[in-house]
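Subject: Structure for your review

Dear colleague,

Please find below the structure that I am handing over to you. My notes on it follow.

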Amino acid sequence: SSPPSRCAPCFSDLASLKMGVRTLSEALQLSDECRVITTGSAPFNIVHTNKAWSKLTGFKFTEVANRSNSFLQGPHTEAKLVERMRAASEKGETTRVRVVNYDRYGTPFYNSIEIFPLRDMAGKLTHYCGVLHGEDIPDGVVPPIDRKPEELFGSTSGSSTDPDEEEETAAAASGWPAAAAGRGAGRVKRLRRGGHVTLQEALDNTEDAVVMTQPHPPYAITHVNAPWCEMCGYTLEEVEGLSSSILQGAETDEALLSELMASVRRGESSSATLVNYKKGGARFLNQVHIQPVFNQNDEVDQFMAMLHEVDEKERPPHAAPAAAKKAGRRGERA
């Protein structure tokens with residue numbers, strides 16, 4: 001693959017920046033802007049990126065999930081600007097800088113980034129959203145760095161290396177100190193099934209295989225986490241904006257799916273065991289739990305499904321949605 005091309009932000013992008021991103025709900029909306037969402041406290045680990053961000057930086061979400069953004073830095077990244085971002089983040093303030101960053105291939109680019117603090121209804125800071133706009137740097141102004149993406153975060157297969165050590169090694173290789181680096185901080189326990197689940201809880205879940213969608217047809221995918229990608233074989237960049245029908249196939253019970261969706265549209269949690277298909281067509285038995293997710297205004301903002309792959313012998317006879325057994329109507333496909 002070749003390094004991505006970049007251009008200055010267009011007028012519509014600048015208008016969006018001027019308006020700002022104020023809530024987690026707004027940050028998760030499907031957008032052509034390059035967006036990254038992090039936790040609200042140091043080391044500000046990544047919990048979501050979108051397709052546009054991946055196109056700009058060359059990295060996939062599964063490579064950077066639960067890591068800080070320090071991998072974009074390099075020897076010509078301006079330390080004063082990084083310190084300005086860090087100081088503003090610690091104060092919960094919006095900040096805007098134009099800094100030299102490096103993509104997956106070591107190619108430098110100008111990154112005009114605005115960082116927005118995201119708060120809940122009580123005013124508590126929960127996350128940050130960074131909106132990026134990349135510009136190519138003329139040849140010869142800033143030299144590229146020689147780095148191999150597979151070495152940046154260490155080996156991903158069969159390695160017992162501690163993730164924190166991997167990020168420190170990567171930062172050292174890029175010529176940038178690993179001051180606020182780290183992976184693993186801010187990890188949360190599995191979400192409770194049922195009950196009232198917020199966007200914050202759903203997004204911060206790093207244990208269950210989670211997919212989040214818009215709450216209206218065609219239920220476009222807004223976010224999948226790393227466990228979901230590992231289970232289903234797709235990347236976030238491949239499925240953003242699609243529907244979960246990509247997992248359906250010949251043996252998927254569509255009537256059961258309709259009942260599941262009817263339940264969640266009523267604001268109820270629902271569970272069932274379905275036959276689904278991974279990327280490439282591999283069949284698997286999916287114990288899925290679907291429930292509404294609420295925003296800072298206590299409104300249904302997304303639908304969320306938690307997937308659990310089970311053995312065929314664990315499939316209950318005549319499996320049906322727990323909350324949808326009484327529902328008689330049929331809805332759209334998931």
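Just after α11, which residue takes a positive phi? That residue is Gly 267, with a phi of about 85 degrees.

This is a predicted model, in which local features need pLDDT of at least 70 and side-chain atom pairs count only at pLDDT 80 or more, while totals for chains, interfaces and linings use all residues. Residues are numbered from 1 along each chain as its sequence is written, and side-chain values use heavy atoms, leaving out hydrogens and water.

**Helix α11**

Helices (H or I, at least four residues) and strands (E, at least two) are DSSP runs, numbered from the N terminus. Helix α11 covers residues 254-265. At its start, a side-chain oxygen of Asp 253 comes to within 3.1 Å of the backbone nitrogen of Ala 255.

**The open sheet**

Five strands form an open sheet in the order β2-β1-β5-β4-β3, with antiparallel pairing; two strands pair if DSSP finds at least two bridges between them. β2 (46-49) and β3 (95-102) are at the edges with a single partner strand each, so one side of each has no neighbour in the sheet. Strand β1 (residues 34-39) is joined to β2 by 3 bridges, and Thr 38 stands opposite Ile 46 in β2.

Yours sincerely

Terms used:
The expected span of a helix is 1.5 Å times one less than its number of residues. A polar contact is a pair of N or O atoms within 3.5 Å; within protein, one must be able to donate a hydrogen and the other to accept it, and residues adjacent in sequence count only if both atoms are side-chain atoms.
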